[in-house]
Amino acid sequence: MRRENNKKHVYIGGGMFLCFLFTFILAVTVGSLKIPILDIFRVIGHHTIGFPHQVDPTSDAVLWSLRFPRVLLAMVVGASLALAGVLYQGVLRNPLADPYILGVSSGSATGAIIAILSGIGAGIWGMWFISLASFLGATIATVSVFFLAGRELRTNTLILAGVVIHALFGAVITFLLSMSVEQMSRIQYWLMGSFSLREWAHIWILIPIILVVMGVAWFTQRELNLFAVNARTAANVGVSVKKTRFLLLILASFLTAIVVSISGMIGFVGIVIPHLIRMIIGANYRFLIPYSILAGATFMMLSDLLARTLLEPRELPVGVITAFLGAPIFSYFLYKWRRNL
């Protein structure tokens with residue numbers, strides 16, 4: 001039985017990796033300038049190990065300076081949001097918990113906008129100050145949601161608390177934008193989610209953080225599986241429930257804040273992807289964590305590809321695409337949850 005189960009996961013993991021690889025190649029080659037697949041490997045070899053190539057200079061510049069940073073950032077952002085969703089749902093034992101639904105993304109965006117408009121987001125350390133302000137906003141939002149929802153953290157009260165906090169921070173954002181009309185259009189577009197004009201530096205900020213969070217999540221998979229039963233069971237086998245919950249929530253909030261400060265508010269990834277993976281492989285966090293990360297990366301690369309090609313040469317905010325794809329799925333999950341009450 002165990003061998004058959006492992007074989008099943010090999011097939012599922014292999015299929016998901018092939019989808020991920022296919023989506024990556026498609027996202028890099030498709031655009032206003034069509035680029036042959038072989039040129040991808042030639043450019044990577046040239047810029048990483050100095051391998052000589054005869055790729056057209058325009059294709060080289062488009063791939064290395066524009067396409068690769070954008071697609072890789074979409075990949076890491078999608079993986080980060082999916083991982084944050086897994087952690088929120090696991091720690092809170094709530095299938096509808098998600099940074100966007102709970103208003104954490106709105107809090108992060110508010111902190112980032114304050115940093116941008118105040119001027120501390122300028123200069124060489126500007127991105128780090130924006131990320132720090134975004135994290136403070138995310139922390140305030142998280143604490144506020146827990147305060148409104150109460151100790152039991154039931155699904156209905158948690159969602160209502162998230163709606164309230166999301167609306168409150170949304171009002172603050174609108175007020176801040178109305179005070180700075182000259183930057184309103186740029187910030188509004190960023191708020192809807194965008195990877196345009198992003199560079200390698202944005203990726204190097206996010207990668208170390210998601211690696212740390214991935215490592216902690218992997219080493220706490222046993223605790224997350226015990227939380228799925230109940231907190232008392234986890235405590236009975238020696239798990240420090242409060243410390244583990246606090247650590248994972250802080251890491252998930254910090255990861256969300258960094259993502260929002262770089263790419264804006266992108267909704268539904270953290271709730272839809274973990275749910276879909278649970279439907280396929282079950283709720284074992286040993287598999288749920290890596291598969292959600294892989295699926296989140298694939299979903300975001302595909303969403304960004306659609307965002308920049310559907311109305312070409314115009315570009316849609318990627319948050320619009322994730323909302324169109326994710327909202328119907330979330331509605332189905334909510335309907336299914338209500339029927340099970």
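**Note on helix packing**

1. Helix α4 (residues 104–118) packs against helix α7 (residues 184–191) at an angle of about 150°, and their axes are 12 Å apart. Because angles over 145 degrees count as roughly antiparallel, α4 is roughly antiparallel to α7. The crossing of α4 past α7 is right-handed. The model is a predicted one, and the remarks in this note should be read accordingly.

2. The contact of these two helices draws on A109, A112, I113, I116 and L117 from α4, and on R186, I187, W190 and L191 from α7. Sorted by class, the contact of α4 with α7 comprises 8 nonpolar residues and 1 charged residue, with no polar residues.

3. A second pair is formed by helix α3 (residues 57–92) and helix α12 (residues 269–281), whose axes come within 7 Å and cross at roughly 75°. As angles of 65 to 115 degrees count as roughly perpendicular, α3 is roughly perpendicular to α12. On the α3 side, the contact is made by G78, L81, A82, G85, V86 and Q89. On the α12 side, V269, G270, I271, I273, P274 and R278 take part. The residues of this contact of α3 with α12 are 7 nonpolar, 4 polar and 1 charged.

4. How many of the residues of α12 are buried? The helix is mostly covered, with 10 of its 13 residues buried. The buried residues are V269, G270, I271, V272, I273, P274, H275, I277, R278 and I281. Just after α12, G282 adopts a positive phi of about 95°.

5. Is S303 buried or exposed? Its relative accessibility is 0%, so S303 counts as buried, the cut-off for burial being under 20%. Leaving aside residues up to four places away in sequence, S303 touches V318, I321, T322 and L325.

6. For reference, the two pairs can be set side by side. The axes of α4 and α7 are 12 Å apart, at an angle of about 150°. Those of α3 and α12 come within 7 Å and cross at roughly 75°.

Terms used:
Residues are numbered from 1 along each chain as its sequence is written. This is a predicted model: local features need pLDDT of at least 70, side-chain atom pairs count only at pLDDT 80 or more; totals for chains, interfaces and linings use all residues. Side-chain values use heavy atoms; hydrogens and water are left out. Axes are lines fitted to C-alpha atoms, for helices over the stretch in contact, and angles run from 0 to 180 degrees between N-to-C directions. Helices (H or I, at least four residues) and strands (E, at least two) are DSSP runs, numbered from the N terminus. Angles under 35 degrees count as roughly parallel, over 145 as roughly antiparallel, 65 to 115 as roughly perpendicular and the rest as oblique. Contact means heavy atoms within 4.5 Å. Ala, Val, Leu, Ile, Met, Phe, Trp, Tyr, Cys and Pro count as nonpolar, Asp, Glu, Lys and Arg as charged, and the others, Gly among them, as polar. A crossing is left-handed if the near helix is turned anticlockwise from the far one by less than a right angle, and right-handed if clockwise. Buried means under 20% relative accessible area, exposed over 50%, partly exposed in between (1.4 Å probe, protein chains only).
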